[in-house]
Amino acid sequence: MTSEGGDGKFRVTVTNKEVVAAEPPLQEHRLPLSNLDLLLPPVDVSVFFCYKGDNHMNFGSRVSVLKRAMAQVLRCYYAFAGEVVANFVGEPEILCNNRGVDLFEGFADIDLKNLNLYNPDQSVEGKLLPKKKDGVLAVQAMKLKCGSVVVACTFDHRVADFYSANMFLVSWAKMAQSGEFFLLPSFKRSVLNPRRPACFDPSLANMYVPISKLNLKEPQLDFHHLISRIYYIKADQLDKLQSLASSNGCKKTKLVSFSAFLWQLIAKSAKKNDSTGMVKISKMGIVVDGRTRLTDKATMAAYFGNVLSIPYGSKRVDELIENPLSWIADEVHDFVKSAAAKDHFLGLIDFVEVHRPEPVLAKMYSSGSDDGPAFVVSSGQRFPVSGIDFGWGSPAFGSYHFPWGGKAGYVMPMPSPVRNGDWIVYMHLLKEQMELIETEATDFFKPLTWDYLKLLSTD
């Protein structure tokens, strides 16, 4: 199979596909999804890692290492070797049948130094990422013209969140190097069981709604379409932003400060591109991980599945433009704080239980329309790029890729592989929003280049 794409055209050829199952064969069983898993729509998440060429190990040897370690690590991470099927009431669950993982091999006719990381829509989407058609996880290893290798994974978000995927990736890499697991996963669903009787705050109905009440029709975007870009942000710029966001005397985190700044920029874009004169409302959600908020922290540290919530704030566009950054940061801090608590997650579990078997989704997934812009900020600060070493060195670069299919935008800040406090930020936003960001915040959001990553010489 071959494909070409984009302005910097390059050809991609898939030369082999095989299914890698766990060794030894596993006993078939069904694993229910938790109530927090059931909050996710059927969307896939991708992640990719770029490795420089290695004269000591050819491509075939690298692929053999990946396969051997995959077969071993799937013995414990068996959910990734299964399939998502419907149970007797139509809800998704995991059939742990050791169906295995589709692993593709191929060749991309481009040098690593010429790969346009700034525009992953052109260089990554549909080329370096595997197309997952079956199972829960698909993997692709692609050799580049210069001898470098890109290893990419696509997985079903209903089965794992980013934390769980990171556990698997590091365990896979550690297994390749030493034959040991980084962390044994726990599939103990009882830690997320609903309470009897159910108890939850009525405010959850403002954050999550039954799917029948959501407008999930495809938006008619035309020029207003969502695109993906990757930027880097210097550490000193983040420090300055944090100082501005904390000018009222209450120190904010870098994530809250960054989110507030981006919210203001998105509001400016909405104002600039509005021709209706109507009052616009902008919504921003922040992904909150509940693992550290729940009681059994040891179990939750190894828990494999989704433990996420997406609280959000809603403000008039004019408010976001006219008020100082510290005011916006206060608003962000307040709505995040309300969800970063044990009672919130216990209540969310109960809320889903009350509505089953009808699916419940976050309102933010379908937000974003003529009423105003919406986007979600996640946190990839634990993204373990340096830890994904299969025995031929750490990646020169790695990133998530998540055009999630919702109407709202999606933003994922990650630590820079340069390891100097800088951030790498994957952004999936409306085209006109990205244009304003690049015009008004050109000193802050820098298009990612190999020059920044100091890898122009990769041959």
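Two strands pair if DSSP finds at least two bridges between them. Keep that in mind as we look around this predicted model.

Let's start with an open sheet of seven strands, whose order is 15-12-17-19-20-11-21, with mixed pairing. Its edges are strand 15 (312–316) and strand 21 (446–447), each of which pairs on one side only. Strand 21 pairs with strand 11 (residues 226–233) in the antiparallel sense, over two bridges. Here you can find tyrosine 231 standing opposite proline 447 of strand 21. In general, the strands of a sheet pair through backbone hydrogen bonds, either parallel or antiparallel.

| Helix | Lies across | Angle |
|---|---|---|
| Helix 9 (residues 325–339) | Strand 12 (281–286) and strand 15 | about 55 degrees to strand 12 |
| Helix 12 (residues 431–440) | Strand 11 and strand 20 | about 135 degrees to strand 20 |

**The core**

Now for the largest nonpolar core, which has 159 residues; Trp172, Phe258 and Phe445 have the most contacts inside it. Helix 6 (residues 254–272) gives the most to this core, with 10 residues. Because domain 1 (12–191) and domain 2 (203–212 + 223–453) both give residues to the core, it lies between them.

**A serine in a loop**

Finally, look at serine 416, in the loop between strand 19 (409–415) and strand 20 (423–430). Is serine 416 buried or exposed? Serine 416 is buried, because its relative accessible area is 5% and buried means under 20%. Leaving aside neighbours within four places in sequence, serine 416 is in contact with Asp422, Trp423, Ile424 and Tyr452.

Terms used. Residues numbered from 1 in each chain as written. Predicted model: local features only at pLDDT ≥ 70, side-chain atom pairs only at ≥ 80, totals over all residues. Heavy atoms only, no water. Core = buried A, V, L, I, M, F, W, Y, C linked by side-chain atoms within 4.5 Å. Buried < 20%, exposed > 50% of the residue type's maximum accessible area, 1.4 Å probe, protein only. Helix = DSSP H or I, 4+ residues; strand = E, 2+ residues; numbered from the N terminus. Domains from an automatic or database assignment. Contact = heavy atoms within 4.5 Å. Axes fitted to C-alpha atoms, helices over the stretch in contact; angles between N-to-C directions.
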